[in-house]
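Keep the structure open as you read.

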Amino acid sequence: MDYLEDRERMGSYVGEGKVVCVTGASGYIASWLVKFLLLRGYTVKGTVRDPNDLRKVDHLLKLDGAKERLRLIKADLQEEGSFDQAVEECEGVFHTASPCYFDAIDPQTELIDPALKGTLNVLRSCAKSSNVKRVVLTSSFAAVIRNGKPLTPDVVVDETWFSSPDICRDMKLWYNLSKTLAEEAAWKFVKENNIDLVVLNPAFVIGPLLQPSLNESSAMISRLIEGQTFQNYRTVWVNVKDVANAHIQAFEIPSASGRYNLVERVAHNSELVKILHELFPTLQLPEKCADDEPFIPNYQVSKRKVKTLGIELIPLEVSLKETVESLREKNFITF
């Protein structure tokens, strides 16, 4: 057991007698969120598309406390009223369900409709309930960063940044667009319906995998390891356990409000390769960049607000180590 799980156990039973809902419960972030909520004593109503598909839900059923306090409920993001039963009796609703692909063939159908309609369907169900005290929405740093401002080393990105839908469309960044439109719609809806909403905007999420499938951000590390070269680009990273814990803190801390960027590190791909080489000397890693241009510089992301949730973000080095070990354990990579 690592230090974060230990901390969760020490805070166990904070949620005793409380019922919460987690949408898309079998996903990467959601699986860890369900795990931590159960450790804290909550009863969890988790929505999935098919509760009988053991390939996708068996890892949830095996979690500590699942037998007594986890109920899986069938729900569909694009079916209105589909979440009514799931949010009934719940004090808190964690809406994590949203597709994450970076190579969608039909972006409107695969990404935008499920993200936008799904968010509004969940919020409509919450608006019907008299029990829901707070909704915590899993947005993305993708809904923060694309606003046309230059990303130079002296720039500090904070929670006041919002991605521009027009820029996302022009750049064909369909995942960014889906998360941006969904978050915009959420803020508008909760204002009109007097719902207490807190939004989390995590970077690319890595760390150990609970689910049996390979999620998109973990696959980025897998592709980097298997590549002949690395791309001249910098990316933002955060550990999945911090993201799950931030969701719980955002629900439990009364003063939590607005948006929270969850970014431990901005790192160029060359830095990732260097860290991985130091951690795993036997890994066959790419040795050169895909182009001969100067490396794209990093920028900064403010951690001031996330610290108010009481979270000290796990270092990228630890996250990468956990990711590679988990990928190897689940046979997604071999070395």
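The largest cavity is lined by H95, A97, S98, A115, T119, L137, T138, S139, K179, A182 and E183. Here a cavity is a set of points on a 1 Å grid over the protein atoms alone where a 1.4 Å probe fits but cannot get out, and lining residues have an atom within 4 Å of a point. This is a predicted model, in which local features need pLDDT of at least 70 and side-chain atom pairs count only at pLDDT 80 or more, while totals for chains, interfaces and linings use all residues. Residues are numbered from 1 along each chain as its sequence is written, and side-chain values use heavy atoms, with hydrogens and water left out.

The elements that give two or more residues to this lining are α6, β5 (134-138) and α8; helices (H or I, at least four residues) and strands (E, at least two) are DSSP runs, numbered from the N terminus. The largest share, three residues, comes from α8. By class, the lining has four nonpolar, five polar and two charged residues, where Ala, Val, Leu, Ile, Met, Phe, Trp, Tyr, Cys and Pro count as nonpolar, Asp, Glu, Lys and Arg as charged, and the others, Gly among them, as polar. The volume of the largest cavity is about 60 Å³, taken as the space filled by probe spheres set on the points, with grid points joined across faces, edges and corners. The count of cavities of 30 Å³ or more comes to one.

Now follow two of those lining elements. How do the axes of α6 (residues 107-128) and α8 (residues 174-193) cross? They come within 9 Å and cross at roughly 20 degrees, with axes fitted to C-alpha atoms over the stretch in contact and angles running from 0 to 180 degrees between N-to-C directions. The two helices are therefore roughly parallel to each other, the term for angles under 35 degrees. Their contact (heavy atoms within 4.5 Å) includes L111, A115 and T119 of α6 and L181, A182 and A185 of α8. It has 17 nonpolar, three polar and one charged residues.

Elsewhere, turn to α2 (residues 28-39) and α10 (residues 240-252), which pack at an angle of about 60 degrees with their axes 8 Å apart.

Conventions
Parallel < 35°, antiparallel > 145°, perpendicular 65-115°, else oblique. 1 Å grid on protein atoms, 1.4 Å probe; cavity = no way out; pocket = protein on both sides within 12 Å on 5 of 7 lines; lining within 4 Å.
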